[in-house]
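Trainee: Could we go through this model together, one question at a time?

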Amino acid sequence: MTARDVSNDAATWQSATRVVRAGLPEKVAGTPYLPGPVFAAPYHTPGDPLLSPYTYGRFHNPSWTHYEAALAEMEGGPCLLFPSGMAATAAVLATLVPPGSTLVMPQECYYTTRVIASQPFPGAWFASQGIKVVMAPTAGDGLLRALEQEAAHGVAMLWLETPTNPGLDVCDIALLAAKAHEVGALVAVDNTTATPLLQQPLALGADVCVVSDTKAMTGHADLVLGHVAVRDAQHAEQLRLWRTRMGVIPGPMEAWLAHRSLGTLHVRLMQQCRSAMAIAEFLSGCAQVSGVRYPGLPNDPSHAIAAKQMKAFGGVVSFELPSAEAVAHFFAHSRLVYEATSFGGLHTSAERRARWGGDAVSDGFVRMSVGLEDVHDLIADLTTALARL
Ligand code: PLP
């Protein structure tokens, strides 16, 4: 390879390079690659506050700035950090869906997102906003039809989540974004299961991308965080104002830990994708298991669209066991699968989703998050646990 074959321009970096270097400051002798978390409420602010880059901890923080710069490189638009995925989701719904308008959303997206959109807290300000919420299935053409039917009433936003948690249904972001824009709606995508490494909603036509960084983005099961990426600088300003005025701000330690963890996102997630595929194939051949869902399986109903818009298929696999009791036996006989909620972390975990209520799943439905353990050990462990059912 000659020097001319190789570009050293950050814009052309592969995603493995980008996650390692994203958001890092310029090289300065004697300084660390990533400066440590900055803990400050007030900053020295002489005279005109506009002349100080940082003034007060609710407005800005250098540790947010670094991680937001990294996220912006990955997402392809300005990013704002929030203290959780739900804080990010709430900020988008509260600032970009005006009173009296319509919100179209998937009927099986993340439970709490559905709850805050459709069952606002009594007495809270968005209870009185008169927003009509229309829900339709992610798979098939339900969302497209809902958009067409509601077009006359002024749809403000189409909310998507793909792949969905926990059912792993997918929808065509580019197709739905084009339709939503035709009827004047903004498109927001909850990209938590995929992360910007595997799927880039803004490049596919969405206006807003929301991610719970609690999951694969940070991947160590040790912090709660979220972010929003947007195309339009004005939307970024609206969200920034919301964050500053409402005080929904992340901690500097979490921002720094997230940035540190981002460097391993590519190796973690690619390994998780490979293992998840092997486990989905293994589970598909198990007599005790039914309804295996993984967008990477060629016969999965999500596969065709996922293959079109995702780089790889993620680390979450879902399946069904015959009953709640069977799932309890499964956990009792597994040594490696932690029984816990959440996903995207380096430890393999799973849970019987129906124990929480709120999702349209069977009693024996299990969502499994495949971690970084050796896949042969995981399959041996699953074989033992399933053999005891
Ligand atoms: N979106 C999805 C798809 C999720 O799975 C979750 C949490 O499980 C959230 C949003 C909310 O994220 P957080 O728990 O960081 O508030």
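The questions below turn to the ligand, then to helix packing and the backbone.

Mentor: Before we start, keep in mind that this is a predicted model, in which local features need pLDDT of at least 70 and side-chain atom pairs count only at pLDDT 80 or more, while totals for chains, interfaces and linings use all residues. Residues are numbered from 1 along each chain as its sequence is written, and side-chain values use heavy atoms, with hydrogens and water left out.

Trainee: How many residues surround the ligand?

Mentor: A residue is counted as near if one of its heavy atoms lies within 4 Å of the molecule. Among the closest are Asn 165, Asp 190 and Lys 215. The number of residues surrounding the ligand is 13.

Trainee: What share of the ligand's exposed area does the protein bury?

Mentor: Consider first the polar contacts, each a pair of N or O atoms within 3.5 Å: a ligand oxygen is 2.9 Å from a polar backbone atom of Gly 85, and a ligand oxygen is 2.8 Å from an N or O atom in the side chain of Ser 212. Accessible areas come from the Shrake-Rupley method with a 1.4 Å probe. Taken alone the ligand exposes 390 Å², and the share of this that the protein buries is 89%.

Trainee: Is α3 roughly parallel or roughly perpendicular to α8?

Mentor: Helices here are DSSP runs of H or I with at least four residues, and strands are runs of E with at least two, numbered from the N terminus. Helix α3 (residues 85-96) packs against helix α8 (residues 233-246) at an angle of about 115°, with the axes 10 Å apart. Angles under 35 degrees count as roughly parallel, over 145 as roughly antiparallel, 65 to 115 as roughly perpendicular and the rest as oblique. The angle therefore makes α3, relative to α8, roughly perpendicular.

Trainee: In which loop is Pro 163 placed?

Mentor: The peptide bond from Thr 162 to Pro 163 is cis, with omega near -10°. The bond from Asn 165 to Pro 166 is also cis, with omega near 10°, and Pro 166 is found in the loop between β4 and α6. Pro 163 has its place in the loop between β4 (155-161) and α6 (173-182).

How values were computed. A polar contact is a pair of N or O atoms within 3.5 Å; within protein, one must be able to donate a hydrogen and the other to accept it, and residues adjacent in sequence count only if both atoms are side-chain atoms. Axes are lines fitted to C-alpha atoms, for helices over the stretch in contact, and angles run from 0 to 180 degrees between N-to-C directions.
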